[in-house]
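Hello,

Here is the structure I promised to pass on. My notes follow below it.

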Amino acid sequence: MAKPRTIFVCQQCGAQQSRWMGKCPDCDTWDSLVEQTEIRSTNRSGGRESGSAGVRPVRLSEVPSGGFQRLPVYAEEFSRVLGGGLVPGSVVLIGGDPGVGKSTLLTQVAAHFAATSGSALYVSAEESAQQIKLRAERLALQGDELFVYSETSLDVILDQIRNLRPGLVIVDSIQTVYLEALTSAAGSVSQVREGALRLMQLAKELGVPIFLVGHVTKEGAIAGPRVLEHIVDVVLYLEGDRFHQYRLLRGVKNRFGSTNEVGVFEMGGQGMQEVPNPSLIFLAERSLNSPGSTVAVMMEGTRPLLVEIQALTSTTGSAQPRRTTNGFDLNRLLMLAAVLTKRVGLPLFNQDLYVNVVGGLRITEPAADLAVALAIASSYRNQRIDPDLVLVGEIGLSGELRTSSQLERRLAEAAKLGFTRAIVPATAQLGQVSGLTVTPARSLTEVVDLLAHA
């Protein structure tokens, strides 16, 4: 017999309280508790409800391996981020800033699946069927097996999925659908959590892969409870500046593959088009004779990427010089500026520093330290850097250079793109790299001295 119970749920962290309080005791957020009705199911025996009938623990050696075949998905870049394809019964959460291209990419995914593998259902709680049709026409997408459905009630959506039995389901978005049994508004913690659980159970029951679109907060995290990311099988973020045409699809959780993969797409008039060799794109407009420009070799998952780092120093009369970055960590820039001032002797205390990663990329890997530091020194001394030179290395507080992972793969990619010289940490254990002259250096001072004598 079901017994209703009144609880108060925090809309910030999801904590439940038995009575209303002005401030949530778990996350210290004021006025975040909302009254809701919870239905608890009990059985007459007074014990716990039994699980699935006939299911017993088995030995690990008796569990059959494999058991599923991955489904093809639109674009090789997308497939690689997923781990080689789409797993039946999986739930994939995709987040990203507004306007970054989540709906466009998933519309292409649905149309490709409908044309190659089976029927697909695109559910939108934010757009009408006519709006989805207009987007599909703009992207020149066709597919008789692509179904569109505009609905906000998750109970109705679940019934339609059971009746239609599609091969792929896309729900856009999880924050705008709601369950009628819950009294809270759509997008609340309880609605998002319970809705994701219902969709996950349906995906496992029918063996249907489901994509969920998630809104993000101002801080860039997916809105709703953190438990939402624990419920789903795969969490992907679509990153990129809406004023640039390039987008990065990055995996932060994947139960069926590696989270070290990234896919690169270009937003154009025909939607999201994959970029098979992004290094060529990011270096296409590089100025070869400008001071303050260097090339760093980054690792995005298992793929090496060559990106241009630009730096600009400008004398200022302010007591507090500006430190501005675009695509690079500001705290890392402050550390590099201190090392250049203290260890190398560059007087940057009266210089505004600006660092830009070309192409709208965001660099978090410390292997870009050497390229950023040398770009700053090049701009300060107004000296041009060899356009055929690439830089890889992490910088410590004493100015020493530390090696980076997969260095041979980075240098092999640089040689493939026509670069002839590289500066790397002297502690790196390197084999022979064809077509590339490698110069080892122990400290940042040595590298800056090489620039002065170039």
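Start with strands β10 (residues 246-254) and β11 (residues 262-268): they pair in the antiparallel sense over five bridges. Strands here are DSSP E runs of at least two residues, helices are H or I runs of at least four, and both are numbered from the N terminus. Two strands count as paired if DSSP finds at least two bridges between them. L249 has G263 in β11 as its bridge partner.

This is a predicted model, where local features need pLDDT of at least 70, side-chain atom pairs count only at pLDDT 80 or more, and totals for chains, interfaces and linings use all residues. Residues are numbered from 1 along each chain as its sequence is written, and side-chain values use heavy atoms, without hydrogens and water.

Now the whole sheet. It is open, has nine strands with mixed pairing, and runs β6-β5-β7-β8-β4-β9-β10-β11-β12. β6 (146-150) and β12 (271-274) stand at the edges, each with a single partner strand, so one side of each lacks a neighbour in the sheet.

Two helices come next. Helix α2 (residues 102-116) packs on the sheet, and its direction makes about 155° with that of β5 (120-124). Helix α5 (residues 189-206) lies across β4, β7 and β8, at about 160° to β8. Contact means heavy atoms within 4.5 Å. Axes are lines fitted to C-alpha atoms, for helices over the stretch in contact, and angles run from 0 to 180 degrees between N-to-C directions.

Best wishes
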